[in-house]
Amino acid sequence: MGASAKRKKEKQQDFQKPKLKVGKAKAKPENFTDTSFRSKAIVLNQQSLHVAAPTSSSQFSHHLSLLSSKSDNQRRDSLAHLTTTIASRPVNSPLPQPVSVMLPSLLPLILDANNNVRTALLKLLKTLPPNDVQDHVAQLLPYVRAGMTHLAADIRVSAVEILSWMVDAAGEAVVSCAGGWIKTFNCFLSVLGWHTEESSRWSSSRASFGKSGSQGRPMVKVLGALAGFLDAGIGAPGASVDETGSHDDSSPSAWPFPLCQTSQHMISESAAPYSYLNLFGQPRDEEGEMYETREDRYRIFSTRFLSAVERGLKSAREEGGELGRASSGVSKVLKEALSYGAGP
């Protein structure tokens, strides 16, 4: 009987009419859904509206300024826009902005913590004209050397890739600029662990490249970059006759008698032909000097780095695998350089 009375009471509650009192709001049903909302507005104190669309030059400058953004995606997308704009420009047309204007915004990204940003930066650098790169090698190298000695393994690998691009684009300008030979070579030895007698006092093992470093893939990239760097610095000079059979301008046969070595007296094509004099710069030590001739670079290499490189190549060959095959490229360049010697 108790359970029956309880069910009867529950049924009666469904049909009871609530008593309304004056001054109190009507009770809301159990399935009530609140549909009220509040709108918010963004007020801009200064806003410029233009009927015409922005020009490509203004968009290029805008994305160039966004390279210092705190957002990784924003920096990556801006680099992609700049790369597309430079690559799609008409042939032999000038850049939207000079390289000297772009470099202050691009150089800090060599040490960027995001891997996608550094990859996009390398794609952008490869679209720049090689002639413009040669005039700004001295600005690029300090950031590249800082990346090669960075604590993060990914940044070291990216810096080595940028240095490889610089050697391919600028060639001798990389190894002949101030500090480009000794300081950069010291960075190579630090990354590879091929220490000289001086550096072995404060470092005894090569830099680690993380999990992928055990397979030797980053080291293969470093050895490939070292081979190109050695070839640009002390590689045996090629023949004076090109594929078409014509002689180089510097060869005596290129000028008729009685003209001899006329190219040495012509106006230099370099942007700063007297930079080696260091007329207005800080005093340089041996590491910061400019070694413009192959003979000077070979002399420095044979006295400071030759023994360390030979020991490193021997250990790399003993490891075998991809690392051993990559060391053969460095050995080939070194063998040709040693056979040619300091010069004729």
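**Figure 1. Helix 12 and the elements that cover its buried residues.** The cover over the buried residues of helix 12 includes helix 9, helix 10, helix 11, helix 13 (306-319) and helix 14 (321-340). Helices (H or I, at least four residues) and strands (E, at least two) are DSSP runs numbered from the N terminus. The model is predicted: local features need pLDDT of at least 70, side-chain atom pairs count only at pLDDT 80 or more, and totals for chains, interfaces and linings use all residues. Residues are numbered from 1 along each chain as its sequence is written, and side-chain values use heavy atoms, with hydrogens and water left out. Helix 12 (residues 294-304) has Arg 294, Arg 297, Tyr 298, Ile 300 and Phe 301 as its buried residues. They lie on the same side of helix 12 because they cover an arc of only 165° around the axis. The arc is that of the directions from the helix axis to the C-beta atoms. Buried means under 20% relative accessible area, exposed over 50%, and partly exposed in between (1.4 Å probe, protein chains only).

**Figure 2. Aromatic rings around Trp 181 and Phe 229.** Six aromatic pairs are found in a search of the whole structure. The ring centres of Trp 181 and Phe 229 are 5.3 Å apart and the planes are at 15°, so this pair is stacked. Trp 181 belongs to the loop between helix 9 (172-176) and helix 10 (182-192), and Phe 229 to helix 11 (residues 217-234), so the pair ties together parts that are 48 residues apart in sequence. Rings of Phe, Tyr and Trp (its six-membered ring) pair if their centres lie within 6.5 Å; planes under 30 degrees apart count as stacked, over 60 as edge-to-face and the rest as tilted. Trp 181 and Phe 229 are both buried. A cluster linked by ring pairs holds Trp 181, Phe 185, Phe 188, Phe 229, Phe 301 and Phe 305.

**Figure 3. Glu 287 in the loop between helix 11 and helix 12.** Glu 287 counts as partly exposed because its relative accessibility is 28%. Not counting residues up to four places away in sequence, Glu 287 touches Gly 179, Ile 182, Lys 183, Asn 186 and Arg 304. A contact means heavy atoms within 4.5 Å. Between the C-alpha atoms of Glu 287 and Asn 186 there are 9.6 Å, while the two residues are 101 residues apart along the chain.

**Figure 4. Helix 4 and its buried face.** Val 99, Met 102, Leu 103 and Leu 106 are the buried residues of helix 4. They line one face of the helix, because down the axis of helix 4 they fall within an arc of 110°. An α-helix has 3.6 residues a turn, so residues three or four places apart point the same way. Among the elements covering the buried residues of helix 4 are helix 2 (56-65), helix 3, helix 5, helix 6 (130-134) and helix 7 (137-148).

**Figure 5. The loop between helix 4 and helix 5, with Asp 112 and Ala 113.** Asp 112 counts as buried because its relative accessibility is 9%. The side chains of Asp 112 and Arg 75 make a polar contact at 3.0 Å. A polar contact is a pair of N or O atoms within 3.5 Å; within protein, one must be able to donate a hydrogen and the other to accept it, and residues adjacent in sequence count only if both atoms are side-chain atoms. Leaving out residues up to four places away in sequence, Asp 112 touches Arg 75, Val 117, Arg 118 and Ile 155. Ala 113 is exposed, with a relative accessible area of 75%. From Ala 113 to Ile 155 the C-alpha to C-alpha distance is 7.4 Å, and the two are 42 residues apart in sequence.

Figure 6. At the start of helix 5, a side-chain oxygen of Asn 114 comes within 2.9 Å of the backbone nitrogen of Asn 116. The 12 residues of helix 5 (residues 115-126) should span 16 Å at 1.5 Å a residue, and the end C-alpha atoms are 17 Å apart, which agrees. The expected span is 1.5 Å times one less than the number of residues. Val 117, Arg 118, Ala 120, Leu 121, Leu 122, Leu 124 and Leu 125 are the buried residues of helix 5. These buried residues pack against helix 3 (72-87), helix 4 (99-106) and helix 8 (153-170).
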